[in-house]
Amino acid sequence: MGNGRFFGGVHPSYNKGLSDSREVVEMPVPEKLVVFFAQNLGAPSQPVVKKGDEVKKGQVIAESGGFVSTPIHAPTSGKIDSIGVHPSPVGVDAPAAVIIPDGKDEWCEGCGVERSSEGLDAEKIKEIIHDNGVVGMGGATFPTHVKLSPPAGKKMDILIINGAECEPYLTADHRLMVEHAEGILDGAALFAAVIGVGSVIVAIEKNKPDAIEVMREAVAGREGFSVEAMEVIYPQGAEKQLIYAITKRKVPAGGLPMDVGVLVQNVGTALAACNAVRFNRPLIERVVTVTGSGIKEPKNVLARVGTRFEDLVKFCGGLEGDAAKCINGGPMMGVAQYSLDAAVTKGTSGLVILRQEEVAQFVSDACIRCARCLDACPMRLNPSALSIFTEKMRFEDASEYNVMDCIECGCCAYVCPSRRPMVHHFRRAKAEVRKLQRKAG
Amino acid sequence: MEENMEGKPGPAAEKPAPKPKKAEVGPRFVVSSSPHMHDGRTVAQIMRLVLIALAPAALFSIYIFGLDALRVILISIASAKIFEAISQKVMKRPITLRDGSAALTGLLLAMNLPSTSPWWLIVVGNFFAIVIAKQLYGGLGYNPFNPALVGRVVLLISFPVHMTARWVTNSRFGTDAVTAATPLTQMKESLATLGHIDIAFGREQIFDLLIGNRAGCLGETSIVLLALGGIFLIWKRVISYRIPVMFIGAVWAMTGIFHLIDPAHYADPSFHIITGGLFLGAIFMATDYVTSPVTRKGMLIFGAGCGVITVLIRLWGAYPEGVSFAILLMNAATPLIDRYTKPKVFGAVDSKKAAA
């Protein structure tokens, strides 16, 4: 083992100092919650409540829409005010339930009750994790029980708990590790038990020395657990790059981590799984880093799912100066918001608000073939050629040049002196290639 | 809408309960695709860095060739910029003089001209460089051939007398301004007339060649300053070492082999690498982004190819110097090189496994 170094990557200014020493504060339940029904990658959940229903905190309001899906729970007790479409943080209008809290914040029966995890078998643990709506909280929101269910014959031997948090500005995972090390490790132990691995590695970038220290102390008494301090380079937290950096194993192009015997789970996911199994607490809240120069008081906020960004901003003292851009997630991969009307989902790791002078609107120029993007791409693609293919609508060529392996990390566009919107190009190309594949297949 | 609501405080004050909610239309933000950060590098910055790297050699050329060199540089940069602006205006494209690429082309072409160049020669060269080789193809980023080299080669073929027969050795180091042949020409001519090469290549000559005390184009004389510029560009990560090292290395290795076989007909490899336009070409012309490969392996192949063609022309071609032709020929091969040196995607499944 030992620290490998993946190819490419960039060093953006991390700006984590705004919030990395601020303890997580719990935000009071706001006057209104907008809870989206599609909060996981895969099939959207199916609503089971209607307008006017009274719900309790933790009650299922939408059921799984298939195997790759999870239920959604009411984040607090109250009344379903309406069910309709609302602006979602990914930029489209999506179906959601509006809940008006009753202020009592009452758990539904059986929820929030401590239970012993002794004697639970793997299937039962997976079931509990699914029933409590746990998804990957690093941002991808892939249902966790699916990741814990490898097809027969896939043997895994390493579990990596991802605390790299390589996105600039974000400090939610950092604070979780400092404040909830035991819970995270308990969750990790549950994962390890389910898939039967003996080696658990907590990966943390070196710019979080306090988290590394706390985690090192916490793993001391646990057999098979270790902490790996990682080089600070974006995208260190990207699954394939992280696996390579720690184990030197290369996930095959188009493959999954399980193909090389590794399972990666985010620290927040591990904590959510621990809460689900130990306390029967559904995933109804998460830590959101509200930060950037455009917010008065940067904070790490424990917010209920469904908290509108506007309320979140208010809780952090409001906008500061000429706030000009609001990003759901980190600035490298996050989605810019039109307004503060969208709401926190299970995947909202941060809300980064930038001021006018940090928000340059570029006119993109022709590619000058400087090859900086080839040096930066951690997937070893040729972004220069791919972006030209996309402009010329040559999607077969883009496919031949492996556009489908693009992880949309943004390194290419970050270094492009012609300011070409590369990631945008590749999202388009990927969608077109998928269309072509559907036609062919 | 927001203003309308706030413009009527009366009704809102009367019925405070339901209305204000709607009035709170959130602020609107800038929306763009991720990433939302940038490292700040611009095309203009890159061009400026190349200009800075080239500056010592250019200033030194003024020192050794006198004000004539300054005249060539100024006319060349000015005409490049004027041609760029005019052609963009005529083609109704945005005028992009600020990116500095036209100025760089002008300076590079000037570095490829003798100090005796008449003004019209410089202007004609820049016309071909900017209008024909660059703007007609679509401007920066779309030109298949290095614009400055196209300008130089057009002049070399059309006006050989002006381009090659009127060298002036500098007067700074004691010699008078007289017409003299370049070292490479001396080598070629002696080989033709005497049947063997007749060049002095002692410590004194090596020193003169390195600092630039010899006949030649403005920019090809001072090897030391060109090399310093190259190191600066590599340090600033503007260019990679791959093309210059392979280019110069290939020339050195290939001429070295011939020198070992037959020293009477083939000059010392060190003589070959510190004469002519090799350093200027390898560091500043072959590394032109637009016309050279983007892949790492491709850069190595491109550099080596430039070196081999240069040697072929120097040893057996009609011209004493082959750097310009070599780079232009390899420019033509760039798309193919890029295609056949596609980087292997991270986690690429090797072909044996895929077949199984």
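In this predicted model, A:C326 stands opposite A:I353, a residue of strand 17 of chain A. That pairing belongs to the contact between strand 15 (residues 323–328) and strand 17 (residues 350–355) of chain A, which run antiparallel and are joined by five bridges.

**The four-stranded sheet of chain A**

- Another open sheet in chain A is formed by four strands in the order 11-10-9-12, and here the pairing is parallel.
- Strand 11 (225–230) and strand 12 (262–266) of chain A stand at its edges, each with a single partner strand, so one side of each has no neighbour in the sheet.
- Helix 4 (residues 181–195) of chain A lies across strand 9 (158–163), strand 10, strand 11 and strand 12 of chain A, and it runs at about 150° to strand 9 of chain A.

**Helix 4 and helix 7 of chain A**

- Helix 4 of chain A also meets helix 7 (residues 267–279) of chain A, their axes coming within 7 Å and crossing at roughly 80°.
- Since angles of 65 to 115 degrees count as roughly perpendicular, helix 4 and helix 7 of chain A are therefore described as roughly perpendicular to each other.
- The residues that meet include A:G183, A:I184 and A:F191 from helix 4 of chain A, and A:V267, A:L271 and A:R278 from helix 7 of chain A.
- Sorted by class, this helix contact has 10 nonpolar, two polar and two charged residues.

**Domains and the contact between chains**

- The domain assignment of chain A gives domain 1 (28–101 + 284–358), domain 2 (116–279) and domain 3 (372–440).
- The centres of domain 1 and domain 3 of chain A, taken over C-alpha atoms, are separated by 30 Å.
- The contact between the two chains takes 57 residues from chain A and 34 residues from chain B.
- On the side of chain B that touches chain A, 18 residues are nonpolar, 11 are polar and five are charged.

**Backbone details**

- The peptide bond from A:Y234 to A:P235 is cis, with omega near 0°, and A:P235 is found in the loop between strand 11 and helix 6 (239–247) of chain A.
- In chain B, a cis peptide bond with omega of about -5° joins B:S34 and B:P35, and B:P35 lies in the loop between helix 3 (19–23) and helix 4 (43–65) of chain B.
- A:R419 is not a glycine, yet it has a positive phi of about 55°; its place is in the loop between helix 12 (411–415) and helix 13 (422–440) of chain A.

**Confidence of the prediction**

- The model scores ipTM 0.87 and pTM 0.89.
- Chain B has a mean pLDDT of 85, and 86% of its residues reach 70 or more.
- Within chain B, confidence is lowest in helix 1 (residues 2–7), at a mean of 38, and highest in helix 7 (residues 119–132), at 97.
- Over residues 1–24 of chain B, pLDDT stays under 50, and the model has five contacts beyond four places in sequence for them.
- Residues 352–356 of chain B also have pLDDT under 50, with one contact beyond four places in sequence.
- Where pLDDT is low, the predicted coordinates should not be read in detail.

Note on methods:
Residues are numbered from 1 along each chain as its sequence is written. Chains are lettered from A and ligands numbered from 1 in the order in which they are written. This is a predicted model: local features need pLDDT of at least 70, side-chain atom pairs count only at pLDDT 80 or more; totals for chains, interfaces and linings use all residues. Two strands pair if DSSP finds at least two bridges between them. Helices (H or I, at least four residues) and strands (E, at least two) are DSSP runs, numbered from the N terminus. Two residues are in contact if their C-beta atoms, placed from the backbone, lie within 7 Å. Axes are lines fitted to C-alpha atoms, for helices over the stretch in contact, and angles run from 0 to 180 degrees between N-to-C directions. pLDDT is the predictor's confidence in each residue, from 0 to 100. Ala, Val, Leu, Ile, Met, Phe, Trp, Tyr, Cys and Pro count as nonpolar, Asp, Glu, Lys and Arg as charged, and the others, Gly among them, as polar. Domain bounds come from an automatic or database domain assignment. Angles under 35 degrees count as roughly parallel, over 145 as roughly antiparallel, 65 to 115 as roughly perpendicular and the rest as oblique.
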